[in-house]
Amino acid sequence: MKTKAVIGLLLAAMLLYLVLLGQRGVVLVSSGEPVAVALGVGVLILPVVVVWAIGRELVFGVRTEKMAHQLEAEGRLPPDDLPRNEAGRIERTAADAAFERYRAETEAAPDDFGSWFRLACAYDAAGDRKRARAAMRRAGTLHKATTPRP
């Protein structure tokens, strides 16, 4: 709950910033000078891009949380039992071994969102964030396709 409060506070601050930025864009566009109008249009486009990116990340987070709750209820959430070094980082050899297990599981059940979710967690533990996010997006797509709508 604390994380969600921090996210809400950051979103409120970002919204205030975007409103102020939008006002600057309107002032620039209304000046009538070609360079200022061009700059103002660019300034007005920026909040739209930011809102789209933040929205996409929020949807990703909500979908990931929903999948995690479902997998936890079904007893299919991957355990956080990999050994860690003194700094708290997961040991690379253990992460690689877990990755191979989850990769094989995903290859055996490519249409199961849970296997993709666990593979994403394994990628993350191995330090490959780009592939972790791609695998989690794939899990989200499968979850959305297999979850009945109310």
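Residues are numbered from 1 along each chain as its sequence is written, and side-chain values use heavy atoms, with hydrogens and water left out. Because the model is predicted, local features need pLDDT of at least 70 and side-chain atom pairs count only at pLDDT 80 or more, while totals for chains, interfaces and linings use all residues.

**View 1. The largest pocket holds about 430 Å³ of space.** Of its 19 lining residues, Asp-80, Leu-82, Ile-90, Cys-121 and Ala-125 are the closest to the centre. A pocket here is an open set of points on a 1 Å grid over the protein atoms alone, where a 1.4 Å probe fits, with protein on both sides within 12 Å along at least five of seven lines; lining residues have an atom within 4 Å of a point. The volume is the space filled by probe spheres set on the points, which are joined across faces, edges and corners. Helices α3 (92-108) and α4 (113-125) each put at least two residues into the lining, and α4 gives the most, with 5 residues. Helices are DSSP runs (H or I, at least four residues), numbered from the N terminus. By class, the lining has 9 nonpolar, 2 polar and 8 charged residues. Nonpolar covers Ala, Val, Leu, Ile, Met, Phe, Trp, Tyr, Cys and Pro, charged covers Asp, Glu, Lys and Arg, and polar takes the others, Gly among them.

**View 2. The second largest pocket holds about 220 Å³ of space.** Its lining counts 10 residues, with Arg-63, Lys-66, His-143, Lys-144 and Thr-147 nearest the centre. Helices α2 (34-73) and α5 (129-146) are the elements that give two or more residues to this lining. The largest share, 4 residues, is from α2. Sorted by class, the lining splits into 4 nonpolar, 2 polar and 4 charged residues.

**View 3. Phe-99 and Tyr-123 make a tilted aromatic pair.** Their ring centres are 4.8 Å apart, with 50° between the planes. Rings of Phe, Tyr and Trp (its six-membered ring) pair if their centres lie within 6.5 Å; planes under 30 degrees apart are stacked, over 60 edge-to-face, and the rest tilted. Phe-99 sits in helix α3 and Tyr-123 in helix α4, so the pair ties together parts that are 24 residues apart in sequence. Phe-99 is buried at 13% relative accessibility, and Tyr-123 is buried too, at 18%. Buried means under 20% relative accessible area, exposed over 50%, and partly exposed in between (1.4 Å probe, protein chains only).

**View 4. Two arginines lie over ring faces.** Arg-101 is over the face of Tyr-102, 4.7 Å from the ring centre. The rule asks for NZ of Lys or CZ of Arg within 6 Å of the ring centre and within 35 degrees of the ring normal.

**View 5. Arg-118 is a buried residue, at 8% relative accessibility.** Arg-118 belongs to helix α4. Leaving out residues up to four places away in sequence, Arg-118 touches Leu-71, Arg-76, Pro-78, Tyr-102, Glu-105 and Asp-112. Contact means heavy atoms within 4.5 Å.

**View 6. Thr-64 is in helix α2.** Thr-64 counts as buried, at 18% relative accessibility. With residues up to four places away in sequence not counted, Thr-64 touches Phe-117 and Met-136.
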